[in-house]
Amino acid sequence: MAEYIVSARKYRPTTFTSVVGQGALTTTLMNAIHTGKLAHAYLFCGPRGVGKTTCARIFAKTINCLNPTANGDACEECESCKAFNEQRSFNIHELDAASNNSVDDIRGLIDEVRIPPQVGKYKVFIIDEVHMLSTQAFNAFLKTLEEPPRHAIFILATTEKHKILPTILSRCQIYDFNRMSVADTVRHLQYVAQQEGVQAEPEALNVIAQKADGGMRDALSIFDQVVSFTGGHLTYDQVIQNLNVLDYEYYFKVVDCFLQNKVAELMLLFNDILNKGFQGDHFITGLAKHMRDLMVSRDAITLDLLEVGDSVKQRYQAQAAQCSPKFLYAAMKLCNDCDLSYRASKNKRLLVELTLIQCAQLTQADDSVSGGLRPTKILKPLFTQQPAAVAAPAAAPAVGVQPESKTQVAAASAPVSQVVDNPNAGKSIQELLAKGPGSLAQRPTIKLKGGKTAGISIRELMSGDAKKEETTKNDAQLAAIQQAERLQQMNKPVTQDDIRLRWLEFVQLLPQEDAAMRGRMESMQPQLIGPETFEVTVGNTQVAQDMKSMKARIEEHMRQRIGNYKLNMKISLLAQEEVLKYLTPLDRFKAMCEENPALLKLKERLGLRIVS
């Protein structure tokens with residue numbers, strides 16, 4: 001059985017032309033080699049698995065090739081290329097800075113720099129994960145990096161450029177590697193599948209490319225994993241099952257439920273997703289991305305932004321045609337708000353379900369969406385079936401307003417068709433007054449739908465404002481009476497326990513800067529002296545003034561918390577003779593003896609003395 005080599009190593013590029021997704025960088029390096037304009041230090045930075053170390057090795061092999069090809073690649077035939085391919089070249093040195101990050105490791109590297117190459121022109125030193133070097137190691141490396149020997153070239157590779165000292169960055173040519181696009185990754189996976197004799201559906205490879213998140217090494221590792229699972233035939237369903245990816249089929253079903261206002265189906269669909277082990281935040285971020293893809297699919301110009309297969313792209317176009325821009329904007333806003341609030345929420349499932357309900361109500365007829373910037377968050381009734389109509393009782397007429405006649409009521413309620421038989425049509429009120437008051441009584445005949453007529457005099461029309469004003473006044477009086485009755489009902493009986501409890505509650509609400517006042521109020525004993533009055537006794541005028549300044553706040557708190565809006569507070573000052581003095585033990589004993597002289601005889605008989 002032949003030795004198995006993973007695809008990430010087996011199909012690792014060996015020439016610049018075989019590097020995937022980094023065309024601009026490889027062209028720059030090839031031109032520099034062709035013209036002989038080589039820098040002494042390079043910095044390759046970018047995400048993991050995008051070809052940084054691979055390009056560094058190809059660059060090192062190419063500049064030492066004895067017979068480069070016309071397009072600038074290595075010949076693969078000379079001694080230098082063979083030594084590199086067989087991993088026995090002494091001109092290329094790789095250092096893992098993650099495990100060799102001390103000053104001593106850099107000093108050993110500097111000693112090797114002094115030795116010229118035996119075969120080829122240059123010695124290339126590739127330092128991987130260079131951001132892991134310590135500050136002391138960076139400082140020890142500065143001088144050699146700035147002025148190395150002519151035969152030395154340094155290539156630094158890192159995934160975190162921001163951790164490298166600015167003094168190092170200023171001495172290097174910086175090349176930023178990009179993430180692999182989904183299309184480039186799929187094309188390379190198709191090539192690998194063809195070489196390995198694996199049958200793969202384009203949608204399955206697209207899922208692998210999206211799962212890799214722009215890293216070719218990750219994509220090839222996932223490819224090997226799925227091939228082992230499927231036995232050499234990659235289908236979309238098998239890839240979804242093996243990688244535990246939330247299928248876009250779910251998102252298409254969710255949006256269909258949104259458009260049809262099916263809340264119950266949404267709840268069941270979300271429960272099915274949770275049962276398969278997916279977290280709510282993963283689902284909501286995927287839903288937001290799906291809504292974004294639908295928005296992109298509405299325009300043929302932006303359709304190329306979709307990183308999916310052709311068959312899936314057609315499904316996006318079909319569903320996007322059913323969605324209005326306002327609905328998409330509002331749904332994306334709701335999903336984004338849910339994503340931001342998910343981590344802080346204590347009931348995460350409820351948060352996602354509320355978002356789904358709100359999205360399902362965006363397409364209802366009475367919806368009000370502000371261009372997607374601030375969608376309404378009021379939950380509408382979930383059940384659209386209305387109960388049987390119940391005849392509402394006629395409202396009682398307001399005080400001071402006479403009920404209208406049946407004809408007037410019919411005229412007011414029936415839809416007006418046209419006005420006929422009006423002898424005063426086209427005449428102003430002044431002209432009618434000039435003709436006499438009788439002309440005002442002439443009623444224009446109004447024909448209603450159904451053949452009925454109703455007459456309304458101009459005098460009645462002119463007196464409408466007065467009636468309306470009187471009605472408004474009576475309504476205000478009635479509202480005031482009702483408000484007074486409600487306040488009367490809210491005035492609950494007050495007890496001493498209520499006063500004491502709400503008093504301590506108010507004291508605890510005082511801020512820290514009122515600590516002195518809090519201490520005084522804790523020692524006070526408010527007493528209920530009437531059905532709706534409580535009294536607070538203070539020892540001096542200064543405290544009394546402070547309490548008066550807080551009286552309104554205290555009364556408002558006590559009224560609201562007790563439920564009696566007639567409750568009042570009375571502040572009284574303790575009389576001077578009532579102020580308690582500090583009594584010594586001897587004073588207290590004398591006072592006790594005045595009440596009970598037998599205590600003095602007991603003291604003398606037992607020979608006791610008072611200790612002050």
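E76 is partly exposed, with a relative accessible area of 25%, where buried means under 20% relative accessible area, exposed over 50%, and partly exposed in between, as found with a 1.4 Å probe and protein chains only. This is a predicted model, in which local features need pLDDT of at least 70 and side-chain atom pairs count only at pLDDT 80 or more, while totals for chains, interfaces and linings use all residues. Residues are numbered from 1 along each chain as its sequence is written, and side-chain values use heavy atoms, with hydrogens and water left out.

E76 lies in the loop between α3 (52–63) and α4 (79–85); helices (H or I, at least four residues) and strands (E, at least two) are DSSP runs, numbered from the N terminus. Most residues other than glycine have a negative phi. E76, although not a glycine, has a positive phi of about 70 degrees, and D213, also not a glycine, has a positive phi of about 55 degrees. The loop that holds D213 is the one between α9 (202–212) and α10 (216–230).

## Salt bridges

Side chains of opposite charge can pair when their charged atoms come close. The structure holds 22 salt bridges, a salt bridge being a side-chain nitrogen of Lys or Arg within 4 Å of a carboxyl oxygen of Asp or Glu. One of them joins the side chains of R114 and D111 at 2.7 Å, N to O; R114 counts as exposed at 58% relative accessibility, whereas D111, at 43%, counts as partly exposed.

Another salt bridge pairs E146 with R171, their closest N and O atoms being 3.0 Å apart. This pair links distant parts of the chain, since E146 belongs to helix α6 (residues 135–146) and R171 to the loop between α7 (166–169) and β5 (173–176), 25 residues apart. E146 is partly exposed at 36% relative accessibility, and R171 is partly exposed with a relative accessible area of 22%.

## Crossing of α23 and α26

Two packed helices are described by the angle between their axes and the distance between the axes. The axes of helix α23 (residues 496–508) and helix α26 (residues 551–562) come within 10 Å and cross at roughly 125 degrees, which makes α23 oblique to α26. Here axes are lines fitted to C-alpha atoms, for helices over the stretch in contact, and angles run from 0 to 180 degrees between N-to-C directions; angles under 35 degrees count as roughly parallel, over 145 as roughly antiparallel, 65 to 115 as roughly perpendicular, and the rest as oblique.

P117 sits in the loop between α5 (103–113) and β3 (123–128), and with a relative accessible area of 17% it is buried. P117 and A152 are 35 residues apart in sequence, and their C-alpha atoms are 9.0 Å apart in space.

## Residues before α1

V6 is placed in the segment before α1 (7–10) and is partly exposed, with a relative accessible area of 35%.
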